[in-house]
Amino acid sequence: MTKLSLRAVQKLTVKKRDAWWTVLLVDPVATRMLIVLARFRFITPNRVTWAALFVGLGAAGFFLKGDPQSLLIGALLYHLSFILDCIDGKLARLKGNGTVFGGWLDYVFDRIRVLFCALALMGGQFLPTDDERYLVAALIVVFLDMLRYVDALQIYKMRMSMRTKIEKITKAREEEERAARGIPADAEGEQVVFMEDLLRDNPGAAAETLREEAGAANVVDLHEQFRDQFPWYTRVRRAMLRTRIRPHLISGIEFQMFIFIVGPLIGQILWTTVVSAALVMLFELVIMYKFWLSTRDFTRVMEELSPAPATVGTIAPHLHRGRHRRAAQEALLADERYRAPEDEDDPGFWPYPQPNVTPHGHDLPQQHDGLPHVPRQHAGAGPLPQYGTAPPGERRGAPGAWENSR
């Protein structure tokens, strides 16, 4: 059996940037385990994902016992579960047999593992002590884990949407310019390049240098305002990337590791949860602020590509008060269903009542409230006229009077 090279496996499977916990405490173990597991064809990435889930549930079982020895075993099992969770992705990259379903399975199982371990860890401390703070801590852990990963996915989705819109409007503008100049439609147009892609491929280079090297390409920078406000961030990022550690020091990974490993090992579960929650919220706020600045850069780029009309930000005139009512009335009058009656139609029907006219064409006396006065019918009299009818034996007068009188 051919022996795999550790250096080659590391180059193929490790990420260019990763959490410091993964770089320092997981990758050295996971890569060596991967070399062994990759030799067996029946070991697939999805099966490793299932194994990570079961080991994580085993950790939850020990957390639920709550005694120091069980907490130690649970912490070790959780770390092993996380190592296996990293191996499934490395194995997929090494063999090239990763699937979309496998990525979804990995994400869902991570959330299930966190949920069960959080409930078990805090429940194991609550049952013997009746300290309700552990129940609150369980809710905080589950909520922040959900918030962290949902927010990350949504921000990624919005970034891809911004990039797509910029590429689309750039292509449309180029097509209009080529059509105006008589250039063939299949001619090569201006290429859109995003600065974040250039920095990802060349982490040690400066943004200005990469922009110059791009040449004629249209370089779009959606992080320009963030770098202008925090110039030191670029220097720190370069220094950390030499060791593959990303600047986001407290991510969802570190949050989980501190709560499910560090806390049980040192016997300070509540304090570890409080500190970890505060740090992860702080870094999440920084990410949200960075994304907000990125949306402002996006707005600036879109205005440069396609200036907004002067009416943007104002209310359309047809929405002003009364405009829509007059328009609706005009449309109603123009409707054939409400036309004036012809001679052969029932002359007693009229769609537009005239309230101040009697059936005989005389004006009705007004009450103090301004409404026409219609005398009440005497007892024993016949039924009141129905809509569109006049009293028997009398000539029908102005249309609509009896409708209004009722």
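This is a predicted model, in which local features need pLDDT of at least 70, side-chain atom pairs count only at pLDDT 80 or more, and totals for chains, interfaces and linings use all residues. Residues are numbered from 1 along each chain as its sequence is written, and side-chain values use heavy atoms, with hydrogens and water left out.

Q: What is the volume of the second largest cavity?
A: A cavity is a set of points on a 1 Å grid over the protein atoms alone where a 1.4 Å probe fits but cannot get out. The search of the whole structure finds three cavities of 30 Å³ or more. A volume is the space filled by probe spheres set on the points, which are joined across faces, edges and corners. For the second largest cavity, the volume is about 40 Å³.

Q: Which element gives the most to the lining of the second largest cavity?
A: Lining residues have an atom within 4 Å of a point, and here they include Thr49, Asp85 and Arg113. Helices are DSSP runs (H or I, at least four residues), numbered from the N terminus. The elements that give two or more residues to this lining are α3 and α5. With four residues, the element that gives the most is α5.

Q: Is Leu115 buried, partly exposed or exposed?
A: Leu115 lies in helix α5. Buried means under 20% relative accessible area, exposed over 50%, and partly exposed in between (1.4 Å probe, protein chains only). Because its relative accessibility is 35%, Leu115 counts as partly exposed.

Notes: 1 Å grid on protein atoms, 1.4 Å probe; cavity = no way out; pocket = protein on both sides within 12 Å on 5 of 7 lines; lining within 4 Å.
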